[in-house]
Amino acid sequence: SLGTLWNSGRLKERMDTENGMNRPNAMILSYPVISAGEFAHQGSLEKVSGGDEELKEWFSLEKRVTPDTPPAFLWHTADDDVVPVENTMLFGMALKRAGVPFECHIFPSGIHGLSMCNYDVDTKNESCGQWFSLGLYWLNQLFGYRC
């Protein structure tokens with residue numbers, strides 16, 4: 001949320017954002033909850049909004065993307081049965097429209113919450129497990145480091 005709301009008046013009313021010092025340099029979003037619309041994850045929306053309908057709409061983050069939104073790396077699984085993949089797709093489209101650099105990977109299959117996609121942390125999924133090295137490469141390219 002901070003990536004799109006860092007400079008919102010509503011946030012500035014509640015805390016000192018020190019001239020944008022709260023803006024992330026970049027975002028890595030894994031199966032993110034983005035939309036309050038048709039593809040909303042209702043449980044998450046209820047928690048962040050306290051059931052307030054106006055706040056739910058405010059947290060429809062695909063509608064909050066501006067050219068000042070930080071670059072984003074997104075990944076999701078097409079068959080996620082918890083958070084619809086459309087959340088990631090909507091956010092990616094909003095980033096594109098705003099001219100914000102992003103990279104997006106939709107892996108064909110995998111449960112929600114795969115984390116590092118290995119047995120040490122959760123369920124092994126070699127396909128999805130590529131997200132980490134892809135994300136590191138993206139960060140290195142974004143900030144001008146050599147991999």
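Is Tyr31 buried or exposed? Tyr31 is buried, with a relative accessible area of 14%; buried means under 20% relative accessible area and exposed over 50%, with partly exposed in between, for a 1.4 Å probe and protein chains only. The residue lies in the loop between strand 1 and helix 3 (42–49). Tyr31 also has a positive phi of about 35°, although it is not a glycine.

This is a predicted model, in which local features need pLDDT of at least 70 and side-chain atom pairs count only at pLDDT 80 or more, while totals for chains, interfaces and linings use all residues. Residues are numbered from 1 along each chain as its sequence is written, and side-chain values use heavy atoms, with hydrogens and water left out. The predictor's confidence in each residue, from 0 to 100, is its pLDDT. For the protein chain the mean pLDDT is 88, and 90% of the residues reach 70 or more. Confidence is highest in helix 5, at 98, and lowest in helix 2 (residues 9–14), at a mean of 85. Helices (H or I, at least four residues) and strands (E, at least two) are DSSP runs, numbered from the N terminus.

Helix 5 may be considered next. At 1.5 Å a residue, its 13 residues (86–98) should span 18 Å, and the end C-alpha atoms are 18 Å apart, which agrees; the expected span is 1.5 Å times one less than the number of residues. The buried residues of helix 5 are Asn87, Thr88, Phe91, Gly92, Ala94 and Leu95. Because they cover an arc of only 160° around the axis, they lie on the same side of helix 5; the arc is that of the directions from the helix axis to the C-beta atoms. On the other side of helix 5, Lys96 and Arg97 are exposed. The cover over the buried residues includes helix 1 (2–5), strand 1 (27–30), strand 2 (72–77) and strand 3 (102–107), where contact means heavy atoms within 4.5 Å. Just after helix 5, Gly99 takes a positive phi of about 75°.

Helix 6 can be read in a similar manner. Its buried residues include Trp131, Gly135 and Trp138. They cover an arc of only 60° around the axis, which puts them on the same side of helix 6. The buried residues of helix 6 pack against strand 1, strand 2 and strand 3. Gly144, whose phi is positive, near 80°, follows helix 6.
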